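Notebook, opened with the sequence and the model side by side.

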Amino acid sequence: MTPRDQWLHIDNYLAELRRCLPNMAVADREEIIREISAHIRESVEEPGSSIDEILKRLGSPEMIASQYGQEVLIRRASRGFSPVSILRATRELARRGLQGLALFLGALFGYASGAALLLTVILKPIFPRQIGLWIGPAVFQFGYHQPHPFDPVHEVLGRWYIPVAFWLAFCFVGCTTYGIRWCLRRFRHHRAFVAGSPVAQLAALL
Amino acid sequence: MKLRPDSREPEKIQSAERWEQQIRKGALEMAALAALWPGRLYGLEIIRRFQDSSQLALAEGTIYPILSRLKDEGLLASEWVEAEAGHPRKYYWLTAAGRTRLQQMAETWTEFSRELARLIKPVMTTPAMTKRAIAAQEEEEVTK
């Protein structure tokens, strides 16, 4: 391999890394590229290593990028308010351990409940007699119900259904977002140094 | 008739490898902090520290996302320094919070590994029971 080929090889590697890195601030991305290229330069100066070996030891650009990506996902979710980024981050954590799975299911439940309530708010003008807060013996139900003439279940909110259900949906989404953000921050700052690994789960048992 | 190869075997090997990889990855965070205990180092020096002293061999690239996270958590600080070699190096060092955390980690780790070593000691010292011995024991229990 000529020196020119070698540098081409390195350039390709860095270009691939840049391509694989997730959507992040340009300065953060360039900082990563700068650090990895400093590592390669430093390694090249050590005697007895070929470029191929150096890049192989470093690992694939996809692997490095995905590890940065996981961190970015969690960091962004713990600072932002987007349900999408919170769901993505908790889904990532769910792969790492039981705590993460519980967090993901919690987020899913909270957002699904909020979304379902919002849907009933939208549908209320279309089905004014079927959508409401239905109360009867052992029944307490928000949403759709087809009333029968002898049904003991009756609707209690009437026109007030829309603001009440809207407010409730807002509460569900808001509480889930704040709750999960709080958990994510706790997770980041107080996690065991082997969080998510079998060792952490064993440690929790001991 | 051709026998289908047992498809579970590779999975077993994979899960054992994954387990080992996760342990290494988990320990790497503490190892990176510990490598910086004596003073400031740049990425490649930290990696070389591992290779000299332990079995933390991993793809070298994995250390950088870990350093970035530790920095984000306020446990490390970093600075680019223009080196004599002609290109800059990014040096890392422990912050006060990092030192405290590392000490806590070291205590937890020592306690935890002592407990775990106690649990797995029989695995290393007494031989595993053979199938015949297990069958004999079961028979004995049945006759009782």
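I looked up burial in chain B: buried residues (20 or more other C-beta atoms within 10 Å of their own, C-beta atoms being placed from the backbone) make up 21% of its 144 residues. This is a predicted model, in which local features need pLDDT of at least 70, side-chain atom pairs count only at pLDDT 80 or more, and totals for chains, interfaces and linings use all residues. Residues are numbered from 1 along each chain as its sequence is written, and chains are lettered from A and ligands numbered from 1 in the order in which they are written.

Chain B has five helices and three strands, in the order α-β-α-α-β-β-α-α from the N terminus.

I then turned to chain A. Helix 4 of chain A covers residues 61–79. Among its buried residues I noted Ile64(A), Tyr68(A), Val72(A) and Arg75(A).

How do helix 5 and helix 6 of chain A cross, and at roughly what angle? The axes (lines fitted to C-alpha atoms, for helices over the stretch in contact) of helix 5 (residues 83–94) and helix 6 (residues 98–123) come within 7 Å and cross at roughly 150 degrees, on a scale from 0 to 180 degrees between N-to-C directions. Helix 5 of chain A is therefore roughly antiparallel (over 145 degrees) to helix 6 of chain A.

Notes: Helices (H or I, at least four residues) and strands (E, at least two) are DSSP runs, numbered from the N terminus. The expected span of a helix is 1.5 Å times one less than its number of residues. A residue is buried if 20 or more other C-beta atoms lie within 10 Å of its own, exposed if 12 or fewer, and partly exposed in between; C-beta atoms are placed from the backbone. Angles under 35 degrees count as roughly parallel, over 145 as roughly antiparallel, 65 to 115 as roughly perpendicular and the rest as oblique.
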